Amino acid sequence: MINMASIMTSKYLPAVSAETTGCVGRPDWLTSELSTGTTIAAIEFDGGVVIGADSRTTSGAYIANRVTDKLTKVTDYIYCCRSGSAADTQAVADIVNYHLNFYKMERGEEPLVKTAASTFRNLCYNNRDSLSAGILVAGWDKRNGGQVYTIPLGGMWTRMPVAIGGSGSTYLYGYVDANYKPGMGKDECLKFIANAISLAINRDGSSGGVIRLACITKDGVERHVLTGDQLPKFYEDS
Amino acid sequence: MSSIGTGYDLSASQFSPDGRVFQVEYALKAVENSGTAIGIRGKDGIVFGVEKLVTSKLYETGANKRIFNIDRHIGMAVAGLLADARQIVETAREEAASYRSNYGTPIPLKHLTDRVSMFVHAYTLYSSVRPFGVSCLMGSYDPTDGPEMYVIDPSGVSFGYYGCAIGKAKQAAKTEIEKIKMKDMLCVDLVKEVAKIIYIVHDEVKDKNFELELSWVGDMTGGKHELVPKNVFTDAEKYAKESLEESDDSDDEDL
């Protein structure tokens with residue numbers, strides 16, 4: 001599929017290898033763009049969606065924020081998972097939030113998830129040359145229930161029952177393909193996402209910190225944080 | 001009923017001493033001079049019928065239609081100045097298309113009605129333009145929200161209706177419409193009633209020739225607004241003509 005994408009965007013620097021990081025000259029974290037290196041994931045179930053993300057924001061090798069919240073609200077029932085450039089995704093999410101507020105006021109009802117995703121897509125596509133943003137839009141609306149839309153780098157959009165994104169997602173394709181089955185319930189989905197993020201954190205240097213989860217249904221949003229010992233454990237060679 | 005607004009009726013930017021904007025009222029008069037258009041909201045869709053007055057036998061049949069498609073799921077029937085109406089149709093189409101482009105879904109009718117009303121209203125504010133001499137009936141069907149119908153008049157005001165009429169015979173048409181229990185009727189039956197009403201209210205003496213236009217949108221068309229199919233049209237027209245003859249016959253018996 002798509003996406004070696006959303007790896008740290010150090011577009012304007014010469015390649016820096018691991019051995020020379022932090023050596024003579026300027027450390028890369030002084031000059032690298034802030035990236036939500038990231039692992040993000042979202043899944044639909046009957047009645048809503050579950051979304052999850054890690055909490056690491058990096059600037060080169062420096063972790064600028066180890067408790068980032070990458071699950072950003074755009075309406076009471078629609079959230080987005082942000083990966084790529086922190087600045088770009090925050091700016092886009094703010095604009096979408098503005099548009100959807102306006103929409104809600106004019107129409108007197110909550111926007112559809114599809115509407116939110118379309119708004120994201122228009123911004124990402126029309127500004128594709130300037131942006132570095134991979135976004136998952138997920139939420140609940142009364143017409144179509146829980147929905148997940150993925151909007152990777154170029155600005156295409158598509159609805160998927162389960163979606164992953166960010167630099168850590170490369171390590172999850174196997175896990176998702178092997179373990180996803182349609183018809184999972186809310187608790188199964190929470191476990192599935194938590195496991196996925198945890199596995200990616202174990203392998204991807206740009207992902208780490210805590211696991212943030214959110215479950216969106218007709219009753220609103222329930223947020224969870226898994227810290228330290230609470231992270232799902234897998235085989236480790238020690 | 002009609003009063004002269006001497007001096008206060010020269011531009012839409014002027015009120016009269018009794019608080020009326022005469023230009024808007026004159027625009028309403030323009031609508032009242034045009035052939036009748038009616039719309040009925042049934043259980044599973046909307047039906048529009050238009051009495052299209054034909055002033056010359058030399059005209060091509062089917063020319064100058066008064067029913068338009070705004071988007072796949074929305075139809076508009078107009079009464080008044082046809083050229084003005086075409087402007088409104090164009091604006092409504094642009095509005096619907098841009099909504100689809102921005103939000104990825106077809107525009108809800110209420111939203112489109114609000115936008116078109118605002119557009120029509122804007123032309124009642126300035127002395128450099130005149131108000132539109134058009135009333136529009138807009139109807140749509142959505143599987144979740146059901147059928148909806150709105151009317152916009154030249155003042156920019158809009159209302160939702162189960163049944164309404166605009167144009168020269170609107171009073172007579174409204175009386176006929178009120179007799180119908182439309183909330184429980186399906187469009188396949190309403191289409192015949194609509195044709196009948198148009199034939200009833202048509203004035204044979206003053207306006208010799210007319211063409212009937214019928215359109216519908218609903219569950220039976222899969223949410224697509226279209227002119228009714230040929231066989232439905234023929235049946236509806238036949239029913240309408242037969243009903244007229246029956247009532248003519250009964251008149252004679254009374255004599």
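Okay, let's start where the two chains meet: twelve residues of chain B and twelve of chain A make the contact, where contact means heavy atoms within 4.5 Å. Before I go on, this is a predicted model, where local features need pLDDT of at least 70 and side-chain atom pairs count only at pLDDT 80 or more, while totals for chains, interfaces and linings use all residues. Residues are numbered from 1 along each chain as its sequence is written, chains are lettered from A and ligands numbered from 1 in the order in which they are written, and side-chain values use heavy atoms, with hydrogens and water left out.

How much area is buried between chain B and chain A? About 940 Å², with carbon and sulfur atoms giving 42% of that. Buried area here is the accessible area (1.4 Å probe) that two parts lose on being put together, summed over both. On chain B's side, Y103(B), T105(B) and H111(B) supply 44% of the area buried against chain A, more than any other three residues.

Next, charges. The rule finds three salt bridges across this interface, each being a side-chain nitrogen of Lys or Arg within 4 Å of a carboxyl oxygen of Asp or Glu. One of them joins R115(B) and E106(A), at 3.7 Å, N to O.

Now look inside chain B.
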